[in-house]
Amino acid sequence: DFDGIACGVLITARENIDHFLFVEPKSMQDGEIEVNSDDIITNLPYHPKCYLWFDHHVTNQISYPFRGKFKVAPSAARVVFEYYPSGSLRRYEELVNETDRIDSGDLKISDVLNPERYVLLSFTIDPNNKRDESYWITLIHLLRDQPFSLVMENPEIKRRCKQVLDDFKVYRNLLLKNSRQEGNVVITDFRKVNFRGKVNRFLVYCLYPETNISVKIFKDIQRPGRTGISVGKNIFNKTSSVNVGELLSHYGGGGHQGAGSCRVPDEEVERVVKEIIEKLKGS
């Protein structure tokens, strides 16, 4: 996500990085990723072999010593920014401030309905599309080396931003067609939807403003036989008291107080979704 990209900008500004590996938190949790003593991990669960680790997810906090920094913060980029000597990353302060807003959902309705600048750029990143890895790396280099105004004038960036706005029109109709409301919870079931465009994860809160939390169900295209479940608090109706990350940790996932996800076997998804919805109702 955009937080991961921002972390890449900050890390490569301070360290000599040979290559990038983009992985899902679940892959780290399950020990599927090989980690060596010269690796730096950001925005992911801790691995004891790594050289440095930076994270901000409350469910990933550890009590034993490690190199790097952990802090419950609006973004992992903020944690990286504060780790290095004061002033050494000052040129990226605007990037970090905007990443805080985007990753924590501290947005206005206008940011969601008519995204611009950093918010619009963040929507060009689809973490489920591994074919875009070269774009993610290009974006890290652009944001590290060029003023933001020049980044947004890059022809590839301009093309992708236009495509995002076009995709959002289609996505809005898909949300309305595949969502239902149960009390204070809006549930979106995308298991039978094969939408390859960019999604607006906050749009559901504009369409269902009377709800205070959302559940999204989708096929895990990277892990056959598993279904993804994401939960997020309405960023405009902040009345839910549920700790989302803690709740989803009981199903092999995790996240923040306000948002998180888990992956469960297909045969268990109906039971798990029902349990989660019941725990969210009235919260």
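This is a predicted model: local features need pLDDT of at least 70, side-chain atom pairs count only at pLDDT 80 or more; totals for chains, interfaces and linings use all residues.

First, the rule I used: rings of Phe, Tyr and Trp (for Trp, its six-membered ring) pair if their centres lie within 6.5 Å; planes under 30 degrees apart count as stacked, over 60 as edge-to-face and the rest as tilted. By this rule I get 14 aromatic pairs.

Residues are numbered from 1 along each chain as its sequence is written, and side-chain values use heavy atoms, with hydrogens and water left out.

**Rings**

I looked up Tyr-46 and Phe-66: the pair is tilted, with 6.0 Å centre to centre and 55 degrees between the planes. Tyr-46 lies in the loop between strand S1 (40–42) and strand S2 (52–55), and Phe-66 in the loop between S2 and strand S3 (68–70), so this pair ties together parts that are 20 residues apart in sequence. (Strands are DSSP runs of E, at least two residues, and helices are runs of H or I, at least four; both are numbered from the N terminus.)

Are these two buried or exposed? My cut-offs: buried is under 20% relative accessible area, exposed is over 50%, and partly exposed is in between (1.4 Å probe, protein chains only). Tyr-46 has 18% relative accessibility, so I filed it as buried; Phe-66, at 27%, counts as partly exposed.

Next I checked Phe-54 and Tyr-83: the ring centres are 5.0 Å apart and the planes at 75 degrees, so I call the pair edge-to-face. Phe-54 lies in strand S2 and Tyr-83 in helix H3 (residues 76–83), so the pair links parts 29 residues apart in sequence. Phe-54 is buried at 0%, and Tyr-83 is partly exposed at 33%.

I also found one aromatic cluster formed by Tyr-46, Trp-53, Tyr-64, Phe-66 and Phe-70.

**Strands**

Two strands pair if DSSP finds at least two bridges between them. I see 3 bridges joining S1 to S2, and Thr-42 stands opposite Phe-54 in S2.

**Cores**

A nonpolar core is a set of buried Ala, Val, Leu, Ile, Met, Phe, Trp, Tyr and Cys residues joined through side-chain atoms within 4.5 Å. The largest one has 55 residues, and Leu-143 is among those with the most contacts inside it. A second, separate core of 20 residues includes Ile-217 and Leu-248.
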